[in-house]
Amino acid sequence: MQHRLKHYVEYAALRSTQGLFNILPYRLALGVGWVLAFITFYLVRFRRQLAEERIRIVFGDKYTTHEVRTIAWVSMRNLFFNTIELLRVPRITKEWVQEVTDFSDTQSFWERENPEKGGVFAIPHMGNWDLSGIGAYCFGIPIFIITGNQRNVLVNDFLNRLRGFTGVETIVRDDPSLSRKVMKSLKAGKYLAIMTDLRSKNPGIKAQFLGAEANLVPGMAVYAQLARVPVYPVIVTRVGWARHRWRAFDPIQPDRSLDRKEDWQRMTQLVMDIFDKAIREEPEQFFWYNKRWVLDPLEPETKSDSPTDG
């Protein structure tokens, strides 16, 4: 494929930024991220206003104008912090993850679960969601994810190389053999890490979430049921600037006695109930800026969703 000048410029900018944040000490890099987040928060007002509107829709009058602004600010700041930590992936080690992450809430998880049996990690856009999979991988749990292709091939290849540093395997969403590869990995004892709080572009699974009905991608429940593996809701929240709290909740098992779609809906609702409670407890940890806002209405004239989406 022939690269356009725009692609080279984007790639050079990304590599330069990545190099800078790897040279800087960790906390100084986060400090630069804080400044960039502050500038973005107050200059790109339409994005901030949209986030604040979503917060008010979910919580009503629970929070004052100042509190809503604070929630939106921390959410934006965390996005920049997450990006910096992702760019520093080549420097991530098991020792670093253990140093900055509190696993005390999940000690029983590591002792109780058999990492060789496979499963699905359901992850919301809270805290640093990328550390959910990286943290598990560092403790010997084989993780794989489904990714989309970037339009810029140079950037796409670079991001895939970054993911490779963590040992987390990737399967491309556009791969015609996606479902077969996912099932093969799950049955081999690997764990699919999947984001579950995204609006499906097509008719998917209906679930109550954040006070409304959400149309969600069915992949999590479909793959778990087909492979007969449990779903593990996992949340990583940021504590202050540079610490993280990793939580894994009780597994949700498929119920083969139920109708297939009924079981998809049951598992999805149980997961979303856990995430709903966590977001209401720490709303600033949630990413309120997502373009695929989970409560947006279904897009018209679409076909049925497939298990490969999401």
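In which helix is tyrosine 42 found?

Tyrosine 42 is found in helix H2, residues 26-43, where helices are DSSP runs of H or I with at least four residues, numbered from the N terminus. At 36% relative accessibility this tyrosine counts as partly exposed, because that class lies between buried (under 20% relative accessible area) and exposed (over 50%), with a 1.4 Å probe and protein chains only.

## Basis of the model

This is a predicted model, in which local features need pLDDT of at least 70 and side-chain atom pairs count only at pLDDT 80 or more, while totals for chains, interfaces and linings use all residues. Residues are numbered from 1 along each chain as its sequence is written, and side-chain values use heavy atoms, leaving out hydrogens and water.

## Helix H11

Helix H11 covers residues 260-281, 22 residues in number, and its span of 32 Å from the first C-alpha to the last is close to the 32 Å expected at 1.5 Å a residue. At the N-terminal end, aspartate 259 caps H11 through a side-chain oxygen 3.1 Å from the backbone nitrogen of lysine 261. Among the buried residues of H11 are Trp264, Met267, Met272 and Phe275.

## Aspartate 276

Aspartate 276, found in H11, is buried, with a relative accessible area of 14%. Leaving aside residues up to four places away in sequence, aspartate 276 touches Phe209, Leu210 and Gly211, contact being heavy atoms within 4.5 Å.

Technical notes. Helices (H or I, at least four residues) and strands (E, at least two) are DSSP runs, numbered from the N terminus. The expected span of a helix is 1.5 Å times one less than its number of residues. A polar contact is a pair of N or O atoms within 3.5 Å; within protein, one must be able to donate a hydrogen and the other to accept it, and residues adjacent in sequence count only if both atoms are side-chain atoms.
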